[in-house]
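Subject: Structure handover

Hello,

Here is the structure you will be taking over. My notes on it follow below.

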Amino acid sequence: MVRGHGLFMVLPVAAVSVVFGGHPWGGTLLLLVALSRVWALRVALVWWLTVGLCLSFGGYLVWQHNRLTTARYSVTQSTDVQTILRVAPDAYTVTGTGYRFLATTRQGEKLLVRGRLKTADELHRLQRLTVPTQWRVVGQQQGLLPAPNFAQFEGARYWERRGVVNTLQITAVTAISPASKTVWSWWPDLWHSWRSRLLRACERLPGALGVYAAGLLAGGRTATTGAELSGMQRLGLIHLFAISGLHVALVMGALTWLAVHLHLPREWWEWGLILSLPGYAILAGGGSGVLRASWMRGTQLIAQRFGWSIGALEAWSLALLVGMWCNPGLLFELGSQLSYGLSLALILLRSEPRHWRQVGLTLMSLPSLLVGVFQWHGLTLLANALVVPLFPVFLLPVTLIGTLVAPWWPAGAATCAYLLGAVDAGIARLATLPGNLVFGQPPWWVAWGWLLLTWWLFTRPVGHRRRWLGILLASYLVVFGCIHRPFSGEVSVFDVGQGDSILIREPGNHHVSLIDVGGHLGVRSPAWAPPVAPRYAANQTVITYLKSRGITRIDDLYLTHHDADHIGDLPAILASLRVTRLWVPAGMERESQWSRRLANQPTVRIRPLQVGQAAPLRVWHPFQPGVADNGGSLALEGTFGGLRFLFMGDLDQRGERRMMAANPQLRTDVLKVGHHGSRTATSPAFVQQVRPRLALISAGRHNRYGHPNQETLTTLQHQHIPLLMTQTRGMIRYTYRGNHGVWETKLHLEEERHT
């Protein structure tokens, strides 16, 4: 890379990545701007090197895309396979009785593998694996399903960028044996083995010490990481563990200090550091921040050994170039954006006054945070100022000391765990203070504009910056207002698997309603299985989407009945959102089994509903208090965007007959089919009377109940009613202005058995 021009050369390559990563028009514009800047340098060598890099990288991306497209299995149908997998010893993640890992077949294909443990012996065998192994398995292979809801994390795209497009569900393991070693595999295998032992050791450490050791030393997580670091996550400090790569510089600095004071020959320890950096990157988990820091440090060490002078900006540019070759979607991942973006900002702003440098770091990270997690905590600046200085002088040293002395001095390890836990408790208390702002998800092109305006701001003289800073902040306020007070409204059926959850949002977000919250039937784990913290799918589906729309308040939450697939995720909803009114079918308010979910929400008032009572949505069932099972389910009606919607919950055909008898003139435009399309609901007579123009069904893929039933599908087909199902369409959204609206779905999968 030509000295002084590294950044200009790598930016066009980054633009090529954007073109192929999902933003062809924006990426093309960025590419033209970047190439024009390289052309303006008037350095022929730089120009032709840049063009060559762009062409070769673009060709590589086309080849990679074609290869993965050919290898991808169907996402709707599974294929029975027998295969042999090579698995690294640190690849396993166990959750309850389930496990998963990333493996490689003999043909070189990477697979995301899932399986289920049947006995304690199987669990112990998995936990004892410390060397690469070869698995002979039988299972069902399937393509990775894209995110079924808008604003949901795109796991399939994340793995595709790493060369993984298929998943394998193991049905039987016929043999597990040590994997053979090759010339190319023994070195990484060695570091993966060390990392597996380190992770096992971290699991045995007490309290916060185990969490910090796993995160800082091995780039991993323990069962209590989420709870222990919740304060850091809310305050945006989690980058200290895996994103920033800060500990790489600290470890390398400590090893350098030790080598110098041991009077080792400089050539020895410099080459030792260079050769060990790739292995250390594996040991530390291989996250984007770790890899960036390792590549930057390795580049500088190699240049130093050969007598070259390479600056931090050139090292950063080379690290970005290598990173994009290894992970073509690097620029689209939040962790990578923060790691590379903040490290670049530190390089470019190193001569700025301290307060302007802090402003610059905040403004450079804010667009990525808002696009990725939709919120920002006002105390993040204070938290960074307090915690970052503690990292090299307290957090990392205490973690290292506690980990090293734990086998011989348990009391010392417990003391270290107590000290780290005290820091966590203080951060958690700070995170509970007011200041968290749910901004919503801005469009990607707006985020790009903010970054460019921030760059422009810091190219101005200090005396002229306040005006540009005011313009930048004003643009944030305008976008905030547009997200929180949109001109459109919507009715959306979430894809929550085998369950129900429906959002009704009026224009301007003036009134927000939610019908059911989704959930899953709990399965009791055997005593030998590792404990599993409660996990609610709503955190990744319903809540994520609401926050992306700037919604933190639900005016009316309707629970149609007490089944877990409709109300199981209620604790997550109540913990994340303010609920003004909670409506249930009359009689359900007296049932204690489900109301335990409200134990930590004493201010939530439960309001029973039956026909004849006033509520924002019209109530068509039940007619009197009763048991809140399927037969006692709420049936609700509302008109939005010129269409009348009828939401049937899990109401059965007996309830439908009562509704028809009470109102023979009942009609609707859109029918949310009852009980996930079961044969117990949606009778031909009911459909004929309400005469819907469109039917919607929410049901899980390959669910054990066989929903929707073919009898229900035949009823709708015979009456020529179009049908949209979450099974094949994912989230279904009707967005409207006035009396006109547009239907859209997140997925467009093949219809399998349905037409």
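On the α16 side, the contact is made by W356, L363, L366, P367 and L370. The α21 side contributes R465, L469, L472 and Y476. Sorted by class, the contact of α16 with α21 has eight nonpolar residues, one charged residue and no polar ones.

As for where these helices lie, α16 covers residues 354-373 and α21 covers residues 465-484. Their axes are 13 Å apart, and the two helices pack at an angle of about 20 degrees. Angles under 35 degrees count as roughly parallel, and α16 and α21 are therefore roughly parallel to each other.

Next, the strands. β13 (residues 578-585) pairs with β12 (residues 553-558) in the parallel sense, over five bridges. β13 also pairs with β14 (residues 606-609), again in the parallel sense, over four bridges.

Last, the confidence of the prediction. How high is the mean pLDDT of the chain? The mean is 89, and 95% of the residues reach 70 or more. One stretch to note is residues 751-755, where pLDDT stays under 50. For residues 751-755 the model has 15 contacts beyond four places in sequence.

Regards

Key. Residues are numbered from 1 along each chain as its sequence is written. This is a predicted model: local features need pLDDT of at least 70, side-chain atom pairs count only at pLDDT 80 or more; totals for chains, interfaces and linings use all residues. Side-chain values use heavy atoms; hydrogens and water are left out. Two strands pair if DSSP finds at least two bridges between them. pLDDT is the predictor's confidence in each residue, from 0 to 100. Contact means heavy atoms within 4.5 Å. Axes are lines fitted to C-alpha atoms, for helices over the stretch in contact, and angles run from 0 to 180 degrees between N-to-C directions. Angles under 35 degrees count as roughly parallel, over 145 as roughly antiparallel, 65 to 115 as roughly perpendicular and the rest as oblique. Ala, Val, Leu, Ile, Met, Phe, Trp, Tyr, Cys and Pro count as nonpolar, Asp, Glu, Lys and Arg as charged, and the others, Gly among them, as polar.
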